[in-house]
Amino acid sequence: MDIISTRNMSRDFIEDVLEKTKKMEPIAKAKKQVDMLKGKTLATLFFEPSTRTKLSFMAAMNLLGGTVVGFDDPRTSSVKKGETLADTIRVVEGYANAIVIRHPNEGAAALAAKFSEVPIINGGDGSNQHPTQALLDMYTILKEKGKLDGLKVTLAGDLKYGRTVHSLAYALSKFDVSFVFASPPSLRMPRWIVADLKSSGISVKEINSIEVKSDVLYLTRIQKERFPDIEEYQRVASAYILDEETLKELGEETMIMHPLPRVNEISPGVDNDRRAKYFVQSFYGVPTRMALLAMVMADI
Amino acid sequence: MDIISTRNMSRDFIEDVLEKTKKMEPIAKAKKQVDMLKGKTLATLFFEPSTRTKLSFMAAMNLLGGTVVGFDDPRTSSVKKGETLADTIRVVEGYANAIVIRHPNEGAAALAAKFSEVPIINGGDGSNQHPTQALLDMYTILKEKGKLDGLKVTLAGDLKYGRTVHSLAYALSKFDVSFVFASPPSLRMPRWIVADLKSSGISVKEINSIEVKSDVLYLTRIQKERFPDIEEYQRVASAYILDEETLKELGEETMIMHPLPRVNEISPGVDNDRRAKYFVQSFYGVPTRMALLAMVMADI
Amino acid sequence: MDIISTRNMSRDFIEDVLEKTKKMEPIAKAKKQVDMLKGKTLATLFFEPSTRTKLSFMAAMNLLGGTVVGFDDPRTSSVKKGETLADTIRVVEGYANAIVIRHPNEGAAALAAKFSEVPIINGGDGSNQHPTQALLDMYTILKEKGKLDGLKVTLAGDLKYGRTVHSLAYALSKFDVSFVFASPPSLRMPRWIVADLKSSGISVKEINSIEVKSDVLYLTRIQKERFPDIEEYQRVASAYILDEETLKELGEETMIMHPLPRVNEISPGVDNDRRAKYFVQSFYGVPTRMALLAMVMADI
């Protein structure tokens, strides 16, 4: 079993992951190791920077009793010598029971899965997908809202290049949700994703500033590099910032999410608000990844 | 419990660490794993280069049966995306039972401790403090001299920017010692540290060349970058070099210490002298860090 | 015991390694951990990039129940501060039961062994030697051919700078083999190695293009940087490429090997040919390194 994309994940599969995540949560909270993956090895191939994804996979593997091999930095690997991804995968599959890969190219994880006999988990491929992030986001919403059906969800910021919102939109679309997509015109959700969602019968509304009355307000980082000049960036990005001022207008039950790292999308003054859930969301990466690792390696 | 600075450490606390280090020493020497921290995870966040501190913390954690997650290089982490230290810490505390942090900014470890619910250990913060180094230095002196009271200790080299000598000076100042601070005028011990020490009743003498008759001669590296021109550097640095020539004048019972890495402060010809203790000092990093890890994570 | 070079390895020692590798192979295939090195620590000091060597040593150590500490990148270690290799080794030997070192300088592993009280394994030193690669190559040949005596072996490509072929040539020379060395004139096998081989009574033939009728055809990468201009490189390198066209002329029983990473020396169309053995060869790195680790640390 590979974890490549949420696009073709069934509602049943997602619910199964969430249920298993719930069983892992007490272990992750207690930080007390179990033996479920004792003797198993996870390879982590990070061709791009990561803190959260890499460290939470390492922590998850440790908590399940397994070990990790891998690299952080393609400059320290044979990739520097010109090795293809297919070759790297065919070599590394001999060393591990499963592989997590993060790569700048869209489709890299799917390509890896084609060449690997061990399970591949996509840790982010370019602007395409980040399915384990989406599953931990789903778990966070379920924990906080008690349900996944019947919710109005606003995804805000860079919806064009943001792989976390692509994955989350598809995952949520297996449930009865309605979307508000809030982004600058130049960073709108890709047309084919919107078309996919609509053809699943999902309501999608697209707007140019954040909508503060949803059940879920999911903010993402707008990267400076996406804009031709800094003034244009500042003018645009300021409409997607949540600070103590905009907080006043936020819905009483609107939970605030962010995949982190944030730069200035959410000001530190928001952190102690009861609706701010981005740090607990980050923590749920551990039980969610424990569940996924156990599913692909121990067949639970 | 956090380990941030030796400045406010009590004599009792230091003696407690040294006693526990003594119990760890046979395990470190035998390199035989015990179960004391089995199932625990240490996060190592190194924002600056390290061999000794990082590897000895890893080895210490392994010997106690625990595991390590972390990064070596901020370029491979979300720090590259502009994440604040406070956010990194709030995320990583969810993944580990304790965090070791090395950071170029003074005060970084204290800041981390403010945001973390798990213990923070300072692995070096800019020119400020390196408390675990000081504790292993103390252990080395105790082992070699049999006591910490009544010693004359010379700290030599770069006393201005050297965090190891700052930490060691404060740690020793809880005991009955007298100091000789030997440094170029431009690299003298900061005035406020000297004032702190004197107000503790400690005798401090400041000189411009190394004093070879102390009980302890602690040398440190003088960095080229601190000097406007290379000739000035060479002229100044040469007064703080221990070679086979200066060795002849060294006190019969003067132990030679260095936090390592050394560049040319101690010539290789000194290595086999019976008074040279810098390699055993480096080894004591393992039992000292084992003791500290067990104290913060297993509450021994 | 150190593993520095195949030059002085006896036939008995090599046969012993291969026998132990055979016992490790089922464990490596099943990817099921045993306790042979439980509680032991391997230090991996990689001063140069590596995927295969580093990850397979990590995987081998994990499978034997041990743990790994180390660095991938000298920029994140004290080497950046100017520390000598001798000092790094004297420090790291205190942290581990054995050390694997990869270093750009020829003779680095031998130097390390001089300063270390724990076993040193050479993971590649400049253009000199890569003995653990040679031993896994030997194991691959033995597995595929059922014997090591009586074989005709072609080593092709960059024989001047290629440490894998230097090590393999010496290892094979302890058996009854004959060599074809196929390389551009500027990249011929060093004269002193050829002299050593001939004085062992080994037949050596040197040619300028690949010989496709041997029992073993061992290809290596020719690096662009070795040639003054790109056209010269392209003209020369093309004679050492195995593609679907040259495959037609390949001997029915000629096994194709490559230490990997490959760039374009073997075209992907060759991968599914039954004579292509480079991926299984890469996998044998795990049991071979398990055997070596167990030999140096558990004295099996």
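**Chain C against chain A**

I started with the contact between these two chains, which takes 21 residues from chain C and 24 residues from chain A. I'm working from a predicted model here. On the chain C side, I found that α2 (52-63) and α10 (278-283) each supply at least two of the residues that touch chain A. α2(C) gives the largest share, with 6 residues. I then sorted the chain C side by class and got 10 nonpolar, 5 polar and 6 charged residues.

**How the copies are related**

Next I looked up how chain A is laid on chain B. A turn of 120° with a shift of 0.0 Å along the axis does it, and the RMSD is 0.0 Å. The two copies are therefore related as by a three-fold rotation axis. I also checked which surfaces they use: the copies use different ones, as 4% of the contact residues of chain A recur in chain B.

**Inside chain A**

I moved on to the domains. Chain A splits into domain 1 (11-129 + 285-297) and domain 2 (131-282). I noted 25 Å between the centres of these two domains of chain A, taken over C-alpha atoms. Where they touch, domain 1 of chain A puts in 17 residues and domain 2 of chain A puts in 16 residues.

Which elements of chain A build the domain 1 side of that contact? I found α1 (11-30), β4 (120-125) and α11 (285-297) of chain A, each supplying at least two residues. The largest share, 5 residues, comes from α1(A). By class, this side of domain 1 of chain A has 5 nonpolar, 9 polar and 3 charged residues.

I followed up I99(B): leaving out residues up to four places away in sequence, its contacts include A43(B), L45(B), I89(B), V92(B) and A112(B). E93(B) and S116(B) are also among the residues that I99(B) touches.

**Strand β2 of chain B**

Is β2(B) (residues 67-71) enclosed or open? I counted 5 of its 5 residues as buried, so the strand is largely enclosed by the rest of the structure. T67(B), V69(B) and F71(B) point one way from β2(B), while V68(B) and G70(B) point the other way, and all are buried.

Last, I checked the pairing. Strand β1 (residues 41-46) of chain B runs parallel to β2(B), and 5 bridges join them. For L42(B), I found V68(B) as the bridge partner in β2(B).

Technical notes. Residues are numbered from 1 along each chain as its sequence is written. Chains are lettered from A and ligands numbered from 1 in the order in which they are written. This is a predicted model: local features need pLDDT of at least 70, side-chain atom pairs count only at pLDDT 80 or more; totals for chains, interfaces and linings use all residues. Two residues are in contact if their C-beta atoms, placed from the backbone, lie within 7 Å. Helices (H or I, at least four residues) and strands (E, at least two) are DSSP runs, numbered from the N terminus. Ala, Val, Leu, Ile, Met, Phe, Trp, Tyr, Cys and Pro count as nonpolar, Asp, Glu, Lys and Arg as charged, and the others, Gly among them, as polar. Copies are superposed by least squares on the C-alpha atoms of residues with pLDDT of at least 70 in both. Domain bounds come from an automatic or database domain assignment. A residue is buried if 20 or more other C-beta atoms lie within 10 Å of its own, exposed if 12 or fewer, and partly exposed in between; C-beta atoms are placed from the backbone. Two strands pair if DSSP finds at least two bridges between them.
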